[in-house]
Structure formats: C-alpha cells, structure tokens
Amino acid sequence: MLPFRSLLVVAPHCDDEVLGAGGLMHRLAGEGGRVTALIVNPETEGRVREGEAAALVLGSEVRFGGFHPGGLDVVPQRDLIEVIEDAISWCQPEAVAIPSHETAHQDHRAVAWAGMAE
C-alpha cells in the first residue's frame with residue numbers, strides 16, 4: 001500500500017503523465033486512491049482525446065491547463081504556477097509528481113520549475 005491516497009501528476013503534454021508516472025497512477029487507482037492528471041498544454045483536440053482515453057485506462061481524472069500549442073518555456077512562470085496551484089486547490093492531493101528539471105525538453109523544464117515554486 002502506498003503512503004498516500006491522492007496524487008496529482010503534472011505533465012507538460014498528453015502522454016507525459018503516462019510515460020512519467022503511469023505505473024504509479026495505475027497502482028494508486030487500483031488501491032482505491034484518487035489520481036488526477038493535469039496536462040498543462042494538451043496541444044490539439046486529438047491529443048485531448050488521447051489524454052482522456054489514457055485517464056480511463058489508468059483510473060484517473062484528467063484536467064487540462066488550456067495553454068495553446070507553442071513552447072511552455074515562453075509562457076510566464078506566474079501563469080504556469082497559477083495553473084498548478086489551481087489544480088492543487090481543486091484536488092487537494094497528498095502527493096504531487098512533476099517532471100524532472102534536468103530534462104533536455106524546454107517545456108518539461110518550465111513545468112518542473114513551476115511545480116517547485118513556493
């Protein structure tokens with residue numbers, strides 16, 4: 001049994017939640033926990049459908065940040081932080097998973113730094 005019962009997974013794009021934390025998400029949902037994925041930039045309507053389908057398989061909820069296609073590295077950090085804070089306020093997770101800030105992908109780094117904001 002995991003030491004927490006609710007999890008927010010913050011992902012830059014659709015599929016990043018699955019690649020980064022899919023096993024953890026599936027396990028927690030299987031144990032009866034609450035799992036929410038926040039997709040910061042879903043990119044396209046097709047990708048939104050993919051994110052929704054993945055959420056069904058993993059037993060999670062999914063929310064979308066609403067940013068349009070383009071680099072998250074040019075979005076003001078305050079805006080990224082606000083989206084993450086709103087998700088935390090909404091789902092009240094006991095744990096939050098964010099991307100590594102050491103990744104080569106600029107969108108992933110931007111979301112990671114926003115996720116570490118105090």
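Q: How much volume does the largest pocket have, and what makes this a pocket rather than a cavity?
A: In this predicted model, the largest pocket has a volume of about 160 Å³. The word pocket is used because the set of points is open, whereas in a cavity a 1.4 Å probe fits but cannot get out.

Q: Which elements give two or more residues to the lining of the largest pocket, and which residues lie nearest its centre?
A: Two or more lining residues come from each of β1 (6-11) and α1 (16-30), and the largest share, five residues, belongs to α1. The lining has 14 residues, of which Val-10, Asp-16, Gly-20, Ile-98 and Pro-99 lie nearest the centre of the pocket.

Q: How do the residues of this lining divide into nonpolar, polar and charged?
A: Nine are nonpolar, three polar and two charged. Among the residues nearest the centre is Gly-20, and Gly counts as polar under the classes used here.

Q: Why is the contact between Asp-15 and Arg-47 called a salt bridge?
A: The closest N and O atoms of Asp-15 and Arg-47 are 3.6 Å apart, and the pair therefore meets the cut-off of within 4 Å for a side-chain nitrogen of Lys or Arg and a carboxyl oxygen of Asp or Glu.

Q: Which residues are joined with Asp-15 into one network of salt bridges?
A: Glu-43 forms a salt bridge with Arg-47, with the closest N and O atoms 3.5 Å apart. Through salt bridges that share partners, Asp-15, Glu-43, Arg-47 and Glu-50 are joined into one network, and the search of the whole structure finds six salt bridges.

Q: Why does Glu-31 count as partly exposed rather than buried?
A: Glu-31 has 23% relative accessibility, and because buried means under 20%, the residue counts as partly exposed. Its salt-bridge partner is Arg-27, with the closest N and O atoms 3.0 Å apart, and Arg-27 is also partly exposed, at 42%.

Q: How do you know that Val-96 can belong to a nonpolar surface patch?
A: Val-96, in strand β4 (residues 95-97), has a relative accessible area of 41%, and patch members need over 30%, so Val-96 passes that cut-off. The patch is formed by Ile-88, Val-96, Ile-98, Trp-113 and Met-116, with about 420 Å² of accessible area together.

Conventions: Residues are numbered from 1 along each chain as its sequence is written. This is a predicted model: local features need pLDDT of at least 70, side-chain atom pairs count only at pLDDT 80 or more; totals for chains, interfaces and linings use all residues. Side-chain values use heavy atoms; hydrogens and water are left out. Patches are made of residues with over 30% relative accessible area and no salt bridge: like charges are joined within 9 Å, nonpolar side chains (Val, Leu, Ile, Met, Phe, Trp, Tyr) within 5 Å. Accessible areas come from the Shrake-Rupley method with a 1.4 Å probe; for residues, only the protein chains shown count as cover. Helices (H or I, at least four residues) and strands (E, at least two) are DSSP runs, numbered from the N terminus. Buried means under 20% relative accessible area, exposed over 50%, partly exposed in between (1.4 Å probe, protein chains only). On a 1 Å grid over the protein atoms alone, a cavity is a set of points where a 1.4 Å probe fits but cannot get out, and a pocket is an open set with protein on both sides within 12 Å along at least five of seven lines; lining residues have an atom within 4 Å of a point. Grid points are joined across faces, edges and corners, and a volume is the space filled by probe spheres set on the points.
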